Amino acid sequence: MNRYGAEGRPFLFLVDYAMRACVVEPLERIDPARLLYDMAGRTNAPATSGTARKLEWEPRFCPQAEYDRAFDKVMFHLLAGNSYLTNLTCATPVECNLSLREIFDRTDAGYKIWFDDRFACFSPETFVRIGPDGVISSFPMKGTIDAGLPAAEQRILEDPKEAAEHATIVDLIRNDLSRMADRVRVERYRYTDRIETHSGELLQVSSEISGQLPDDWRQRIGSILFELLPAGSVTGAPKPRTLEIIAEAETYERGYYTGVCGLFDGERLDSGVMIRFLERLPGAAPGDYVFKSGGGITFRSNRTAEYEEMKKKVYVPLRRND
């Protein structure tokens, strides 16, 4: 990544959550039979046409009691002061009539990946952007609510648990960027975006933090990214101890879920956190997938509310009228 950045050579990258698996390919060498991407409209995917099948989607959520066992492990550490915020995730089996490639083609999201028919990601969350002038910006996303609820925006912005969770992540990201950049500042705090899903609209709360990188940032592009990984919005704070708590509480491997994907076009970089993630496990029958989702837990969290939030995030953001 550092070498391609120094050469000004456009490339795409995928990095898994544990930072053990990494794909880095110059754009001209990417095989579209194995890897498709769509990064804010820049894509190697051919245009699609034809009659689209209606989505059939049947998640099999884990029982509340099973979720509670993981939640209680996290809460133990929160009350002991070992973490202020821990992102707890689950793997939900899903039966779906569409292929991963069809899901990729028909979803609407800022960051889309189809990789080797192993997974499809359709993420709304930016990790970092770096402009030609070296300004680095991060957009942590924390807080989700059903947009159809009465006064939904007011409810989530005034919720003390959600406010505390968001503040913790903004502070973590601000500190992370400060190791790489000067003049780090919060540009926008707790704004909302609407996200279309196959079962209705959601409101998502984000903030924007930015700073100024040195002039030689392209030569250190990989070093900068790996210093910031894994993403704070999908781990927690303090990050090193919280990673240990996640490993204790979660009962599966995240893999590429909650890793990052991105594209460097020779002058600027755009990257996303790989949330909203549908995976086909080795040996699985056609139509049998796993959808990975979760949310941030603080000492204010209610186990039932967190369980319901995890379930709400198991969706497909189909294109409008698709």
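Trainee: In the hairpin of strand 9 and strand 10, which residue takes a positive phi?

Mentor: The hairpin has 4 residues between the strands, and phi is near 85° at the residue in question. Strands here are DSSP runs of E, at least two residues long, and helices are runs of H or I, at least four long, both numbered from the N terminus. The model is predicted, with local features needing pLDDT of at least 70 and side-chain atom pairs pLDDT 80 or more, while totals for chains, interfaces and linings use all residues. The residue with the positive phi is Gly134.

Trainee: Over how many bridges does strand 10 join strand 13?

Mentor: Two strands pair if DSSP finds at least two bridges between them. Strand 10 (residues 135–138) also pairs with strand 9 (residues 126–130), antiparallel over 3 bridges, where Ile130 stands opposite Ile136. With strand 13 (residues 200–212), Ser137 stands opposite Ser210. These two strands run antiparallel, and the number of bridges joining them is 4.

Trainee: At roughly what angle do the axes of helix 2 and helix 8 cross?

Mentor: Axes are lines fitted to C-alpha atoms over the stretch in contact, with angles from 0 to 180 degrees between N-to-C directions. Helix 2 (residues 64–79) and helix 8 (residues 303–312) have axes that come within 10 Å. The two helices are roughly perpendicular, a class spanning 65 to 115 degrees, with under 35 roughly parallel, over 145 roughly antiparallel and the rest oblique. The axes cross at roughly 110°.

Trainee: Which residues of helix 8 make the contact with helix 2?

Mentor: Contact means heavy atoms within 4.5 Å; residues are numbered from 1 along each chain as its sequence is written, and side-chain values leave out hydrogens and water. Helix 2 contributes Gln64, Tyr67, Asp68, Phe71 and Asp72. From helix 8 come Arg303, Thr304, Glu306, Tyr307 and Met310.

Trainee: Is Arg183, with its positive phi, buried or exposed?

Mentor: Most residues other than glycine have a negative phi. Arg183, in strand 12 (residues 182–197), has phi near 50°. Buried means under 20% relative accessible area, exposed over 50% and partly exposed in between, using a 1.4 Å probe and protein chains only. At 59% relative accessibility, Arg183 is exposed.
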